[in-house]
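Dear colleague,

I am handing over the structure below, and I would be glad if you kept it open beside this message while you read. What follows is an account of what was found in it.

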Amino acid sequence: MEVPILKQGAVLIATFQAALSDADLNHLRMGLVQQVVKFRSRAVIVDVTAMDVMDSFASRTLREIAHMIRLRGAETVIVGIQPEVAFAMVQLGLTLEGVATALDLEEGLAYLTQKFKNTD
Amino acid sequence: MSKREGGSKDPGSRHPGVELVRSEAPSELLRELVAHLRQNRTQLREEWVVRITETRLLTAMTKEEIFAEATSVYDSYVEALETEAFEALQAYARNLSERIIPRGVETHEVVGIVLLLRDVLARSLFAKYQTDFKKLNRILDAYEPAANRIANTVAVGFVQERERVIRQQQEAIRELSTPVLQVRERLLILPIIGVIDPQRARQLTEQLLRGIRTNRAKVVVIDITGVAAMDLTVANNLVQTVEASRLLGATVIVTGLSPEIAQTLVTIGVDLGKMNTVGDLQGGIEQAERLLGYKVEKLAEPR
């Protein structure tokens, strides 16, 4: 399943659909980093609003994506984690430590705008 | 072989020791008894109300109310006997319970009045069929199982309704006792008071996470001044709440840790780096306002 990646200025927005397979996640990980390189993006927002479960593989992949993208000098923000999913994640010890998070796309963009303003 | 006598004798005597079954179907008997109960409705209902008052049941209701309920229970009772439609009776029983439970009517009163009605009707059947003992037995064979089912249905319906009300009240109490309050744009306060057991802790977390999403909160102040003690499970739950809130983009400030709880958290080895703590609620709110970019300035003295 292809994950749509949209470009909004210097930010790439990847919207996860529900039920991504491990193969999809692997594919996405490489794809996103390639896009960051191609467009010289400053940040990536990964929108997981549609995910109603998050397992350890998905969680680890998100962290890896963030780390890889940081190596390209760009920021990653995960947005749209649902309350029930957040609760389940922390119970399993999947805290996405070191990765920025925001409530939704709007908040994610606001966070990035603020960050760019501070660092520019 | 006994000689055949005139045809006017009871056919049963032709074969001594064998009870000949009459041709009346149970449904016919039921119809007959229902007709009797309907015909004598006013009198039997009155008798029942008298018995209710004598036995001092339904003391929470006035005479008029008892009479009104008695009328509808009587009619539903007779209808249930007639149609054997117990779903209707179940629904009626739950409906009745919904009305009278808030008035403080107890289970034993409801069961009591239904049994009294059963007795009043049974006595009236004894009176009517006292000359024909065999018929009385057959009538009772039809009446008793139906009457018992009715008593059972009403009692169970009443108890189920009470249980439903209790569950509802428990849920309401639980929700009220952990209010999530918005005190500024993007700022929520969760004051926790009393004992937190794992179930309440879990409910708290769920309520907070929902609140963060609904109010789009960026900072949450969890105040535990009112919490006397905390065990390992609850302490871990608090940490999880902080972590889960972060996943929704909100920062949590915990305030009001008592010396005892501070001791507990240190002893347990909770990673305090994960927790943003401030001494008291006032400090917590001030810190939250700073995080949100507010500056509070005093413009004049209080009047």
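From the N terminus on, the elements of chain A follow the order β-β-α-β-α-β-α-β-α, which gives chain A 4 helices and 5 strands. Please keep in mind throughout that this is a predicted model. Chain A has 120 residues, of which 38% are buried, and if you consider the contacts in chain A between residues at least 6 apart in sequence, 76% of them join residues at least 24 apart.

Ala66(A) has its place in helix H2 of chain A, which covers residues 56-71, and Ala66(A) is buried because 21 other C-beta atoms lie within 10 Å, where 20 or more are needed. Not counting residues up to four places away in sequence, Ala66(A) touches Thr76(A) and Val99(A), while the C-alpha atoms of Ala66(A) and Val77(A), which are 11 residues apart along the chain, are separated by 8.0 Å.

The second residue is Leu96(A), found in the loop between H3 and strand E5 (100-102) of chain A. Its phi is near 50 degrees, a positive value in a residue other than glycine. As background, most residues other than glycine have a negative phi. Leu96(A) is also buried, with 21 other C-beta atoms within 10 Å.

Arg216(B) sits in the loop between H7 and E3 of chain B.

Let me turn to where the chains meet. In total, 13 residues of chain B are in contact with 13 residues of chain A. On the side of chain B that touches chain A, the elements that give two or more residues are helix H7 (198-215) and helix H8 (232-247) of chain B, and the residues on that side divide into 4 nonpolar, 3 polar and 6 charged.

From H3(A) the contact takes in Ala86(A), Phe87(A), Met89(A), Val90(A) and Gln91(A), and from H8(B) it takes in Gln240(B), Glu243(B), Ala244(B) and Leu247(B). By class, this contact has 6 nonpolar, 2 polar and 1 charged residues.

Which residues does Val220(B) touch, not counting residues up to four places away in sequence? They are Leu188(B), Leu190(B), Leu208(B), Ile212(B), Ser245(B), Ala250(B) and Val252(B). Ile222(B) is found in strand E3 (residues 219-226) of chain B, and this residue counts as buried because it has 26 C-beta neighbours inside 10 Å. Leaving aside its neighbours within four places in sequence, Ile222(B) is in contact with Leu190(B), Ile192(B), Val252(B) and Val254(B). Between Ile222(B) and Leu238(B), which are 16 residues apart in sequence, the distance from C-alpha to C-alpha is 9.4 Å.

Finally, please look at a helix pair inside chain B, where the axes of helix H2 (residues 41-54) and helix H3 (residues 63-83) come within 10 Å and cross at roughly 125 degrees. H2(B) and H3(B) are therefore oblique to each other, and their crossing is right-handed. Arg41(B), Arg45(B), Trp48(B), Val49(B) and Ile52(B) of H2(B) make the contact with Ile66(B), Phe67(B), Ala70(B), Thr71(B) and Tyr74(B) of H3(B), and these residues divide into 7 nonpolar, 1 polar and 2 charged.

With kind regards

Notes: Residues are numbered from 1 along each chain as its sequence is written. Chains are lettered from A and ligands numbered from 1 in the order in which they are written. This is a predicted model: local features need pLDDT of at least 70, side-chain atom pairs count only at pLDDT 80 or more; totals for chains, interfaces and linings use all residues. A residue is buried if 20 or more other C-beta atoms lie within 10 Å of its own, exposed if 12 or fewer, and partly exposed in between; C-beta atoms are placed from the backbone. Two residues are in contact if their C-beta atoms, placed from the backbone, lie within 7 Å. Ala, Val, Leu, Ile, Met, Phe, Trp, Tyr, Cys and Pro count as nonpolar, Asp, Glu, Lys and Arg as charged, and the others, Gly among them, as polar. Axes are lines fitted to C-alpha atoms, for helices over the stretch in contact, and angles run from 0 to 180 degrees between N-to-C directions. Angles under 35 degrees count as roughly parallel, over 145 as roughly antiparallel, 65 to 115 as roughly perpendicular and the rest as oblique. A crossing is left-handed if the near helix is turned anticlockwise from the far one by less than a right angle, and right-handed if clockwise.
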